[in-house]
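The sequence and structure are shown first.

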Amino acid sequence: MPVRATKRGTSRTRLERDCDVLVCGGSFAGLAVARELAGSGARVLMIDRYEIGERQTSACGIPTRWLEALELTGSLRQTFDELVVHTPHRTSRWPLPWSFSTFDYRELCAEMWTQASDQALEFETATVIGRSADTVFTDRGELRAPLIVDGLGWRRVLSNAAPIQPPHAPMSRGLEVHPQGRGEEMELWLDARYIRAGYAWSFPAGDELRVGVGSFWPEHHVKEPTVRVARDLGLPPDGYQGNWIPHQLRRAVEDGVFFTGDSAGHCLPLTAEGIRTAIYFGLACGRELRAVIEGRTTREQALARYGAFSDAHERKFRWLLAVQRMIGQITPSRAATAVTRAFESRRVSHWAFEHYLAIAPPTFVGAARRAASRPLVSSPA
Ligand SMILES: Cc1cc2nc3c(=O)[nH]c(=O)nc-3n(C[C@H](O)[C@H](O)[C@H](O)COP(=O)(O)OP(=O)(O)OC[C@H]3O[C@@H](n4cnc5c(N)ncnc54)[C@H](O)[C@@H]3O)c2cc1C
C-alpha cells in the first residue's frame, strides 16, 4: 500500500504563485493535461492534496491499447483477452476484440509525470478549497493563472455552482479491497445477492487482487457486499479504497475553468470505466491549452472548443446510461443471464466492444501528439 508522503504540520510552507497554467489534481486527468503541455514553454503548476501516485483511486483496469498508445506499458501488471461474467444461473466467457490490462497506479502516475516533465513544470502538495475568478484558494495560499484546470474528481471543487451531494445525485458508488493473491481471470458478477443494481468484480494485478462492488444506485451501500465477495473468494478484506463515481456528463467548461475527468462526469456509465476517458478528455483539454500558450487561439476560443468536444459525446454517454438503468432493473431476473449469454457470441461481443472502445479510441493519443503543431479537436468517433 502507498506510504503517506505528503508534508504535514510545520513542514507545510506558504505557497503563493502566479503561473500560466494551474492544473488542480494530479491523477489521470491532470497528468494527461500536463503531458500535452510538455515542451510548450508554459509555466505549469500542478497541485494535489497528495503526492503524485500516493493514493490509488481505482482498480486500474484499462484497454491495453491505451497503455500501448501512451507508452505506459512499464506499469502493466496483467492482461486479459476475455471477460468471465457470472450470474446465479450461468458463467459466460466473453471474447474481447481487444484486451484489458491492470496496471500499478503509482508506477503509471510516475511514468506520466516523467512524460509531462520539462523545466517549466512544477508540482506542489496543497488542498484546494475554492476559487474566485482566476485565483484558486488552497490550504497553503493563493494561486493565480489565466488557464485553470479542475481535475479534482467528482467534487468539482473549482465550480462555484450549487454542488451535487450524494447519495441524491447522478452517481454510482464503488468500493474495493486489494488483498495479496493471484488470479488468471478478469471476473464480473451480475448477481442481486451481492448488489441489487450493479456488479461485483475481481481484477488480478500480479501479486494482488482488486475485488470490489459497484452500485448504480447511490443509496445502496457497498461495504458489506464487498467484504462478502472477498470472503466468498477466500480472501481477506485488506486495503479498502472507494469513491463516488459520476455517471452523467457535466459541463466541461464553467466560468473560465476547464473541467476534465470525473469533475466533468467523464467516467463512462454502465462500466464505470473512467481512467481511459479522464486521460482522453485530459489530452483534449491539454491540446487546447497548448494552442493558447502558443498564440494559435484565445482562451475563450479554447474554452468553447473544449466544451463543444465534451458535449459531442453526450449521445453516447446517455445511451450507456440507458443500458445501465436497464441492467439495474433486470439484475434479479433471468433476463440478466440471457443478456450475458448473448455476449458469448464472438460476433455480438466484438461488435459491442469495438463500439465501446470507439467512444474514446486509443488513436486519439497519436492525434494529440500531432496537435503539437496543429490544433485538432475532432468529433468523437
Ligand atoms: C472502487 C473503484 C474502482 C474503479 N475501477 C476502475 C477501473 O478499473 N478502471 C477505470 O477505468 N475506472 C475505474 N474507476 C473509476 C476511476 O477511478 C475514475 O473515473 C478516475 O479515477 C477519474 O480520474 P480523475 O483524474 O478525473 O479523478 P481522480 O482519479 O479521482 O483524481 C482526483 C485527484 O484530485 C485530488 N484531489 C481531490 N480533491 C482535492 C482537493 N480538494 N485538493 C487537492 N487535491 C484534490 C485527489 O487526491 C486525486 O489525486 C473506479 C472507481 C472506483 C471508486
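The model is predicted.

**Cysteines**

The sulfur of Cys285 has its closest cysteine sulfur in Cys24, at 11 Å, which is too far for a bond. A disulfide is a covalent bond between the sulfur atoms of two cysteines. Here the pair would have to lie within 2.5 Å to be counted as a disulfide. The structure as a whole holds zero disulfides. Both Cys267 and Cys285 are buried, as the table shows.

| Cysteine | Closest cysteine sulfur | Sulfur distance | Relative accessible area |
|---|---|---|---|
| Cys285 | Cys24 | 11 Å | 0% |

**Overall fold**

The secondary structure of the protein chain consists of 10 helices and 18 strands. Its C-alpha trace spans about 60 × 45 × 40 Å along the principal axes. For a chain of 381 residues, a compact globule would have a radius of gyration near 21 Å, and the 20 Å found for the protein chain agrees with this. Of the 381 residues, 58% are buried.

**Helix α4 and its cover**

Helix α4 covers residues 223-232, and its buried residues are Pro225, Thr226, Arg228, Val229 and Ala230. The cover over these buried residues includes the strands β12 (171-177), β14 (198-205) and β15 (208-215). After α4 comes Gly234, whose phi is positive, near 75°.

**Pro204 in strand β14**

One of the covering strands, β14, contains Pro204. Is this proline buried or exposed? Pro204 is buried, with a relative accessible area of 1%. Beyond its neighbours within four places in sequence, Pro204 is in contact with Gln78, Phe80, Thr102, Gly183, Glu184, Glu185, Met186 and Leu209. Pro204 and Leu108 are separated by 96 residues in sequence, and their C-alpha atoms are 17 Å apart in space.

Terms used:
Residues numbered from 1 in each chain as written. Predicted model: local features only at pLDDT ≥ 70, side-chain atom pairs only at ≥ 80, totals over all residues. Heavy atoms only, no water. Buried < 20%, exposed > 50% of the residue type's maximum accessible area, 1.4 Å probe, protein only. Helix = DSSP H or I, 4+ residues; strand = E, 2+ residues; numbered from the N terminus. Rg over C-alpha atoms; globule rule 2.2 N^0.38 Å. Contact = heavy atoms within 4.5 Å.
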